[in-house]
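Let's sit down with this one and learn to read its features, one question at a time.

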Amino acid sequence: MKTLEFDVAVIGAGSAGMSAYRAAKAHGKRVVLIEGGPYGTTCARVGCMPSKLLIAAAEAAHAIGAAPGFGVHAGALRIDGKAVMQRVQSERDRFVGFVVQGIEHIDAADRLRGHARFLAADCLQVDEHTQVRAQRIVIATGSSPQIPSELRDLGKQLLVSDDVFAWDDLPASVAVIGTGVIGLELGQALHRLGVRVTIFARRARVSQLSDAAVNQTAIDCLGVELDLRLNTTIVAARLSDAQVELHTRSEDGSERTEHFQYVLAATGRTPNVRGLGLETTGLQLNERGLPVFDPFTMQCGDSAIFIAGDVDNDRPLLHEATDEGRIAGDNAGRFPDVAAGLRRVPLAITFTDPQIAMVGHTPDTLKKGCFQSGEVSFEDQGRSRVMRQNRGLLRVYGEPVSQRFLGAEMIGPRAEHLAHLLAWACQSGMTVDQMLAMPFYHPVVEEGLRTALRNLKENLLQHASAIEHCADCTPGV
């Protein structure tokens with residue numbers, strides 16, 4: 001058993017961990033990066049990138065089916081599942097390679113392989129070969145897919161999202177459990193690639209939307225294409241001749257038994273703290289066994305331990321993990337001179353079709369009666385109809401007295417771009433008038449945003465506005 005000493009130890013070499021390492025290193029400290037699993041980050045290996053590669057293939061297949069609506073007719077659609085998965089994996093491996101190269105550029109003396117656990121607040125045991133003593137420690141151990149208890153006896157027929165990207169070919173059928181980001185993205189992509197897909201959820205809520213009108217519009221839009229079974233519980237699941245026999249109960253009490261080749265559990269993720277030895281640190285833990293921390297400094301209590309990324313169960317998104325890692329590493333490097341870091345306006349996107357996005361404050365974080373909303377339907381929005389993508393609803397929220405823009409929820413065409421515009425406006429503290437003074441080209445989907453902002457302004461003023469209701473096809477503000 002050897003003992004090593006460092007100023008800062010970072011547990012986990014994912015997006016948050018690497019960001020923390022670089023930030024602490026910038027202070028000229030001796031830093032070690034400890035990783036027990038494969039290098040490559042969740043995003044590159046089994047998350048953001050491979051899922052978007054699968055979605056891109058699905059979009060290509062869908063475009064062929066949608067072409068007759070424009071008077072364009074192609075031959076019979078043929079999907080080569082093996083070729084689809086081969087491209088997903090080859091491009092995925094390329095992205096992973098870039099990440100691994102970045103890690104390999106880190107001095108070998110600063111890297112340590114193995115699973116770490118706390119022996120004390122300033123001491124880690126790495127497997128059975130090394131003890132690391134560090135004045136400051138950053139926890140960046142990430143998260144793992146959560147498996148519902150009723151599905152745990154399904155053996156190889158039970159999948160989590162990580163498993164999908166190891167397929168050599170597309171399956172015949174998949175039951176997706178969960179209507180969060182992962183369930184909706186993979187469910188729709190597989191459906192468009194010819195897989196029989198049914199999506200089950202206990203509640204009638206999709207992608208964490210909190211605005212009832214946007215949520216219902218999302219259900220309506222996606223339900224036209226997908227077999228969505230909302231307000232449905234899994235009564236039993238068992239193996240039956242290399243398939244899964246799934247017994248479900250809907251809200252009205254009716255029950256069904258169906259067979260699927262696989263069941264995909266997309267019911268959230270669990271922070272990786274099991275076996276971490278947090279009980280030896282003296283940290284205050286919440287009801288889930290996670291350290292209580294300051295989201296602006298990432299400091300756990302008043303200790304020299306910091307936490308960042310998916311493991312803190314706060315905002316489990318790559319850009320948030322990177323920001324949290326930077327803040328945690330910076331404060332670990334400068335400790336005890338801890339300072340609040342930049343936390344950006346919340347921004348979340350689900351890459352379904354239509355896309356779903358949430359920006360800034362939304363109804364679940366706003367106090368009732370303290371905000372007003374404005375909206376636009378994309379059904380008759382000019383550019384959306386041109387593209388035959390005229391589905392969805394955008395709702396924007398503002399503060400009555402200051403008329404400051406607060407946030408938005410939406411489902412609509414190219415929502416990823418609208419969401420970024422709105423996130424920038426929100427983080428800049430813009431008012432609705434300032435946003436309306438910005439240029440709007442014609443014809444673009446963003447003209448729908450202008451309509452929603454005008455509606456919001458009317459409601460903020462609490463009387464009928466003199467603003468002319470110009471159609472989106474009318475240029476100018």
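Q: Let's begin with the second largest cavity: how does its lining divide into nonpolar, polar and charged residues?

A: Ala, Val, Leu, Ile, Met, Phe, Trp, Tyr, Cys and Pro count as nonpolar, Asp, Glu, Lys and Arg as charged, and the others, Gly among them, as polar. Here the lining of the second largest cavity has 4 nonpolar, 3 polar and 1 charged. Its residues are Pro145, Ser161, Ile182, Ala265, Ala266, Thr267, Gly268 and Arg269. Bear in mind that this is a predicted model, where local features need pLDDT of at least 70 and side-chain atom pairs pLDDT 80 or more, while totals for chains, interfaces and linings use all residues. Numbering starts from 1 along each chain as its sequence is written, and side-chain values use heavy atoms, with hydrogens and water left out.

Q: What counts as a cavity?

A: On a 1 Å grid over the protein atoms alone, a cavity is a set of points where a 1.4 Å probe fits but cannot get out, and lining residues have an atom within 4 Å of a point. The second largest cavity has a volume of about 40 Å³, and the largest about 60 Å³.

Q: Which element gives the largest share of the lining of the largest cavity?

A: Helices are DSSP runs (H or I, at least four residues), numbered from the N terminus. In this case α6 leads, with 4 residues. By class, the largest cavity's lining has 4 nonpolar, 1 polar and 4 charged residues.

Q: Is Ser240 buried or exposed?

A: Buried means under 20% relative accessible area, exposed over 50%, partly exposed in between (1.4 Å probe, protein chains only). Ser240 is buried, because its relative accessible area is 16%.

Conventions:
On a 1 Å grid over the protein atoms alone, a cavity is a set of points where a 1.4 Å probe fits but cannot get out, and a pocket is an open set with protein on both sides within 12 Å along at least five of seven lines; lining residues have an atom within 4 Å of a point. Grid points are joined across faces, edges and corners, and a volume is the space filled by probe spheres set on the points. Helices (H or I, at least four residues) and strands (E, at least two) are DSSP runs, numbered from the N terminus.
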